[in-house]
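Here are my notes on the model you sent. They cover the fold, the packing, the voids and a few backbone details.

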Amino acid sequence: MRIVSYNVRYFGHALKGLASTATSKQRIAEAIAGLTPLADVVALQEVETRSLRSSAAHRSGAPNETQLEAFMRHLGVAMQREGRAMPYRAFYFPAHVYGLGEFKVYTTGLAVLVNQQTVNVLKANSHEPFDITHRTPATIKRIKQTRIAAHLHLEDTSGRPFHLFNTHLSLPTPWAREYWSQKAKMGFGANQLAEARRLSEYAQHVARREPYLVVGDFNSAPSTPVYRLLTEEAKLRGAQEVLQQIDPARTDSFASAGFLQLRMHLDHVFGHGVEFADLTDTHAFGDETSRFHGLSDHVPLITRFEPGG
């Protein structure tokens with residue numbers, strides 16, 4: 001099986017994240033459609049429903065078309081250009097809405113695309129994603145962005161079951177005293193640790209004894225408390241660590257995201273009860289040889305794995 005985990009920045013990278021564009025959707029769709037072999041599962045972070053931000057710079061398509069629906073339309077065209085049948089079914093997992101009443105300034109959420117030619121969907125929590133948000137008594141609920149765990153129970157064509165958990169953890173909160181007392185931030189936040197623990201406990205509870213993957217944007221580098229919690233306490237194995245693409249003792253051995261001149265390793269693919277095979281087409285941020293170069297402020301992690309390996 002092949003999985004892609006990718007923070008697509010609401011398909012708005014061309015406008016610095018201010019608004020989604022048709023060009024961003026088209027180029028990302030073309031990059032995914034051009035993968036050989038095709039991904040069996042594509043886990044996306046930072047995907048909207050429909051809002052001012054998602055539609056201000058892109059008004060084509062049906063009047064009430066969501067961002068994910070628009071992307072799937074572009075993906076269908078890209079697959080046709082590649083001479084391939086469109087195999088993907090999309091699942092959307094809503095997280096948070098910023099707005100007043102019916103007016104939505106912008107929304108947040110996750111998505112998963114499933115290749116129906118190679119994967120069967122047994123169950124999904126798309127109607128009620130699991131809330132992993134860490135909220136303190138001082139948190140204003142409407143301001144604190146909800147963080148979720150998207151879950152799909154899947155099986156391959158041989159009938160082997162596995163689970164996928166897609167997520168996007170919070171940034172370290174600046175309201176914590178330790179935030180200002182330590183130089184390193186990403187992966188050190190107490191709120192991030194709480195969310196990572198809630199995520200891992202949820203995954204263990206739902207998957208039980210079946211293999212599972214936990215993927216997404218963790219806003220946390222290797223060797224940090226969050227990474228260690230997931231790999232040491234929760235007993236997950238990082239694909240890049242297993243396949244020796246990174247040194248887990250270093251935070252700077254691979255960049256999966258960038259801002260101006262800053263490079264960060266924030267994205268991960270973890271597994272339990274799976275065997276990782278390769279990381280073909282996974283390139284560090286800034287690598288111009290990647291088909292995904294310049295399409296987002298993150299790069300995708302792409303790995304093959306065997307359920308129950």
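The points below go from the chain as a whole to single residues.

1. Basis. This is a predicted model, in which local features need pLDDT of at least 70 and side-chain atom pairs count only at pLDDT 80 or more, while totals for chains, interfaces and linings use all residues. Residues are numbered from 1 along each chain as its sequence is written, and side-chain values use heavy atoms, with hydrogens and water left out.

2. Overall make-up. The protein chain has seven helices and 15 strands; these are DSSP runs, numbered from the N terminus (helices H or I, at least four residues; strands E, at least two). Of its 309 residues, 54% are buried, where buried means under 20% relative accessible area, exposed over 50% and partly exposed in between (1.4 Å probe, protein chains only). Among contacts (heavy atoms within 4.5 Å) between residues at least 6 apart in sequence, 71% join residues at least 24 apart.

3. Nonpolar cores. In soluble globular proteins, nonpolar side chains tend to be buried together. A nonpolar core is taken here as a set of buried Ala, Val, Leu, Ile, Met, Phe, Trp, Tyr and Cys residues joined through side-chain atoms within 4.5 Å. The largest has 45 residues, and Phe93, Leu154, Leu164, Leu213, Val214 and Leu230 have the most contacts inside it. Leaving aside neighbours within four places in sequence, Val214 touches Phe165, Leu199, Ala203, Leu236, His268, Val269 and Phe270. A second, separate core holds 28 residues, including Phe11, Val47, Leu75 and Leu113.

4. Aromatic pairs. The structure holds eight aromatic pairs. Rings of Phe, Tyr and Trp (its six-membered ring) pair if their centres lie within 6.5 Å; planes under 30 degrees apart count as stacked, over 60 as edge-to-face and the rest as tilted. Tyr6 and Phe292 are edge-to-face, at 5.3 Å centre to centre with 80° between the planes. This pair links distant parts of the chain, 286 residues apart: Tyr6 is in strand S1 (residues 2–7), and Phe292 is in the loop between strand S14 (274–278) and strand S15 (301–307). Tyr6 is buried, with a relative accessible area of 0%, and Phe292 is buried at 1%.

5. Phe162 lies in strand S8 (residues 161–168) and Phe305 in strand S15, so the pair ties together parts 143 residues apart in sequence. Both count as buried, Phe162 at 1% and Phe305 at 4%. Separately, Phe130, Phe165, Tyr202 and Tyr212 form one aromatic cluster.

6. Arg198. This residue sits in helix H5 (residues 190–207) and is partly exposed, with a relative accessible area of 37%. Leaving aside neighbours within four places in sequence, Arg198 is in contact with Phe130, Asp131 and Ile132.

7. Cavities. On a 1 Å grid over the protein atoms alone, a cavity is a set of points where a 1.4 Å probe fits but cannot get out, and a pocket is an open set with protein on both sides within 12 Å along at least five of seven lines; lining residues have an atom within 4 Å of a point. Grid points are joined across faces, edges and corners, and a volume is the space filled by probe spheres set on the points. Strand S4 (residues 103–115) gives the largest share of its lining, three residues.

8. Second largest pocket. Its volume is about 320 Å³. Of its 17 lining residues, Ala221, Thr251, Arg263, Met264 and His265 are the closest to its centre.

9. Backbone details. Most residues other than glycine have a negative phi, and most peptide bonds are trans. The peptide bond from Thr36 to Pro37 is cis, with omega near 0°; Pro37 lies in the loop between helix H1 (22–33) and strand S2 (41–45). Glu46 has a positive phi of about 60° and is buried at 15%. Lys235 has a phi near 65° and is exposed at 55%.
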